[in-house]
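Let's walk through this protein together, one piece at a time. Have the sequence and the 3D view open as you read.

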Amino acid sequence: MRISEGKLPRITMAVGQTDYRLVVRFVKSRKVFFVLMREFIRRSKALKPLLDKRTFLQAALGEGGHSVVWPNGIDLGADSIRELALEQNGRDDAVEFMRWRWRNQLSLSAAAEAIGISRRQAAYYASGEHSVPRHILLACKGWEVEQQHAAA
């Protein structure tokens with residue numbers, strides 16, 4: 001299964017602030033994240049127009065909450081924003097699990113099956129709702145090595 005077959009993250013609130021913070025809330029989460037965007041914007045040629053504060057402050061929810069959009073046609077996917085939010089809030093475990101799924105194009109169901117956990121637990125890990133234990137991250141790495149050897 002490909003990752004696109006699973007549910008993508010959705011944002012319920014997105015507000016740009018003058019210090020280049022994006023204030024976001026995701027569906028099924030009561031937690032508000034303050035995502036520091038300045039360095040992320042500086043590293044991306046396509047996002048450079050957002051360095052203009054007036055433009056950045058016009059952040060709005062994209063269709064269905066699957067992105068944040070700006071009037072100049074720039075949009076940023078909810079998955080990228082969630083990755084930044086988790087990373088900046090010390091949730092490297094969730095980010096590592098998320099990147100493993102993306103790298104291997106695994107849906108939640110396929111990821112759960114690959115490492116022997118329930119789909120629900122995989123969803124908790126992917127959303128950052130639960131901490132990802134070290135043994136699960138090691139299982140992900142082991143699965144990946146196993147797949148590489150099987151392909152060789």
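In helix α3, the buried residues are Ala 78, Ile 81, Arg 82, Glu 83, Leu 84, Ala 85 and Leu 86. Keep in mind as you look at them that this is a predicted model.

What is Ile 81 in contact with, once neighbours within four places in sequence are left aside? The partners are Ile 11, Leu 22, Val 24, Phe 26, Val 35, Val 68 and Leu 76. Several of these names return when we turn to the largest nonpolar core, a group of 26 residues in which Leu 22, Val 24, Val 35 and Ile 81 have the most contacts. Two or more residues of this core come from each of the strands β1 (11-16), β2 (21-26) and β3 (32-36), and also from the helices α3 (78-88) and α4 (92-103). With five residues, α3 provides the largest share. There is also a second, separate core, made of 17 residues, with Trp 100, Tyr 125, Ala 126 and Val 132 among them.

Now look at how α3 sits against α4. Their axes approach within 8 Å and cross at roughly 150°. An angle over 145 degrees counts as roughly antiparallel, and that is why α3 and α4 are described as roughly antiparallel to each other. The crossing of the two helices is left-handed. On the α3 side, the residues that meet α4 are Asp 79, Arg 82, Glu 83, Leu 86 and Glu 87, while α4 brings Asp 92, Ala 94, Val 95, Met 98, Arg 99 and Trp 102. By type, the residues of this contact comprise five nonpolar, six charged and no polar ones.

Is Met 98 buried or exposed? Its relative accessibility is 0%, so Met 98 counts as buried. Apart from residues up to four places away in sequence, Met 98 touches Asp 79, Arg 82, Glu 83, Leu 86 and Ala 126. Gly 128 is 30 residues away from Met 98 along the chain, yet their C-alpha atoms are separated by 9.2 Å.

For another setting, find Gln 58, in the loop between α2 (53-56) and β4 (60-61). Gln 58 has a relative accessibility of 42% and therefore counts as partly exposed. Setting aside residues up to four places away in sequence, Gln 58 touches Val 69, Trp 70 and Pro 71.

Finally, step back to the whole chain. It has seven helices and six strands, which run β-β-β-α-α-β-β-β-α-α-α-α-α from the N terminus on. The C-alpha atoms fill a box of roughly 50 × 35 × 25 Å along the principal axes. Of the 152 residues, 39% are buried. Among contacts with a separation of 6 or more, 47% link residues 24 or more positions apart.

Definitions and conventions. Residues are numbered from 1 along each chain as its sequence is written. This is a predicted model: local features need pLDDT of at least 70, side-chain atom pairs count only at pLDDT 80 or more; totals for chains, interfaces and linings use all residues. Side-chain values use heavy atoms; hydrogens and water are left out. A nonpolar core is a set of buried Ala, Val, Leu, Ile, Met, Phe, Trp, Tyr and Cys residues joined through side-chain atoms within 4.5 Å. Buried means under 20% relative accessible area, exposed over 50%, partly exposed in between (1.4 Å probe, protein chains only). Helices (H or I, at least four residues) and strands (E, at least two) are DSSP runs, numbered from the N terminus. Contact means heavy atoms within 4.5 Å. Axes are lines fitted to C-alpha atoms, for helices over the stretch in contact, and angles run from 0 to 180 degrees between N-to-C directions. Angles under 35 degrees count as roughly parallel, over 145 as roughly antiparallel, 65 to 115 as roughly perpendicular and the rest as oblique. A crossing is left-handed if the near helix is turned anticlockwise from the far one by less than a right angle, and right-handed if clockwise. Ala, Val, Leu, Ile, Met, Phe, Trp, Tyr, Cys and Pro count as nonpolar, Asp, Glu, Lys and Arg as charged, and the others, Gly among them, as polar.
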